[in-house]
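Please read them with the structure open.

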Amino acid sequence: MEFLSFKRILRAGERQLMSCVRMAATPVLSRRAVAFGMCATLALSLVPVAPALAQDAKVAKLGHGFADTHPRSAAMKYFAEEVAKSTGGSVKIDIFGNSAIGSEEKMLMAVQSGTVDLYMGALAPIATHQKELQIFDFPFLFATDAEAATLLDGPEGQRLLDNLSALKIHGLVWSGGAFRNLSNSKHAVGALADMKGLKVRVMQSPMALASFKALGMNAVPMAFTEVYTALETGALDGYEHPFVDMYANKMYEVQKHLTVTNHVYTPVALLASNRFFDSLTPDQQKALQAAAEKTRTFQREAELREAGEALKKLEAEGMAATVMPAAELDAIRSAIEPVIAKNKETIGPAFVDQFYAEIAKQRK
């Protein structure tokens, strides 16, 4: 309707302008002077009409920490396209990937304050403020990607997203996730004993720190933007990450040994600042949510597709892979049982029991 009104105004203005032009062609000098003045005034009044509608477009800043070659980076481009399409161009998203606007912790803080509008990534940096998020640092919580996705898309996952409102964050969707594995530059790790003494970067989460320390490693919390340099200089021996991320960030250049452990499944979420989300119209909010849900499907499919190839690519680049034997994985589980028990009390026994019960229900 607004566009049709604009066209009617423009056509009326054109008719008036042509009338002025005809008057200006009169041989009567006095009438010609008046006509020229009217034409000039009318032309100036029409100039600002066109850009007025363009000013209604809302431009949002989206930050993430993934390299351009990562499937999650491709997913965010897809999200931006879907938002532009579903809002008729009234909402535009500018993407800042590869930690261009800061670490995950800094981006999450910026989303809380409203200086960054959207974020996609892990929530470990805010897990100290939302203790229930620490459940995702429990080792061997999920057995498969499908199991994790089902739980995240269910009531338990939605409740965790809804709880972010206390931090001035609007949770759109759990958009993806992957199992983490271990790499290092010292030696092959094929047993619990091989882990002892390694200086390894872990996510900034109390549970992650305590788990790796229980395995005899020197666990170091560090922003991911600093990890490559720390590995390159020898300040760190290793780190843990999904294989897709290892390859996308060219970690094979500074790491020679990797171990298949699948010890933790880390989900990533697509979030909006409350300030940005609340500034949208109801229709724009619905369009943003729908685009996020379509992106979730796109992102998970892309992650799973590329995860199957990532390990082969890392080996092709010269990394030596070791699969942790089942008996050693059992030894790791035993070593971290006290950590899980302690953190269960910290997070809330009722919540943890309910979470495990939902997983058990899926497995049946």
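1. The bend at a residue is taken here as the angle between two axes, one fitted to the seven residues ending there and the other to the seven starting there. Helices (H or I, at least four residues) and strands (E, at least two) are DSSP runs, numbered from the N terminus. With those conventions, α13 has a kink of about 45° at I336, and this kink lies shortly before the proline P338.

2. On provenance, this is a predicted model, in which local features need pLDDT of at least 70 and side-chain atom pairs count only at pLDDT 80 or more, while totals for chains, interfaces and linings use all residues. Residues are numbered from 1 along each chain as its sequence is written, and side-chain values use heavy atoms, with hydrogens and water left out.

3. As to the overall make-up, the chain has 14 helices and nine strands. Of its 364 residues, 49% are buried, where buried means under 20% relative accessible area, exposed means over 50%, and partly exposed lies in between (1.4 Å probe, protein chains only). Contact means heavy atoms within 4.5 Å; among the contacts in the chain with a separation of 6 or more, 75% are accounted for by residues 24 or more positions apart.

4. After α13 comes G348, with a positive phi near 130°.

5. How do α13 and α14 pack against each other? Helix α13 (residues 326-347) and helix α14 (residues 349-363) have axes 6 Å apart and pack at an angle of about 115°, which makes α13 roughly perpendicular to α14. Axes are lines fitted to C-alpha atoms, for helices over the stretch in contact, and angles run from 0 to 180 degrees between N-to-C directions; those under 35 degrees count as roughly parallel, over 145 as roughly antiparallel, 65 to 115 as roughly perpendicular and the rest as oblique. K344, E345 and I347 of α13 meet P349, F351, V352 and D353 of α14 in this contact. By class, the contact has four nonpolar, no polar and three charged residues, with Ala, Val, Leu, Ile, Met, Phe, Trp, Tyr, Cys and Pro counted as nonpolar, Asp, Glu, Lys and Arg as charged, and the others, Gly among them, as polar.

6. Helix α14 also packs against α7: the two axes come within 10 Å and cross at roughly 140°, an angle that makes α7 oblique to α14. From α7 the contact draws on E156, R159 and L160, and from α14 on F351, Q354, F355 and E358. Three of the residues in the contact of α7 with α14 are nonpolar, one is polar and three are charged.

7. Helix α12 (residues 282-316) deserves a check of its length and its course. Its 35 residues should span 51 Å at 1.5 Å a residue, and the end C-alpha atoms are 50 Å apart, which agrees; the expected span is 1.5 Å times one less than the number of residues.

8. S99, with a phi of about 55°, sits in the loop between β2 (91-96) and α5 (104-113) and is buried, at a relative accessible area of 17%. K168, with a phi near 65°, belongs to the loop between α7 (155-162) and β4 (169-184), and is exposed, at a relative accessible area of 54%.

9. Finally, L108 in helix α5 is buried, with a relative accessible area of 0%. Leaving out residues up to four places away in sequence, L108 touches Y119, A122, L123, P125, I126 and L271. The C-alpha atoms of L108 and I126 are separated by 7.7 Å, although these residues are 18 apart along the chain.
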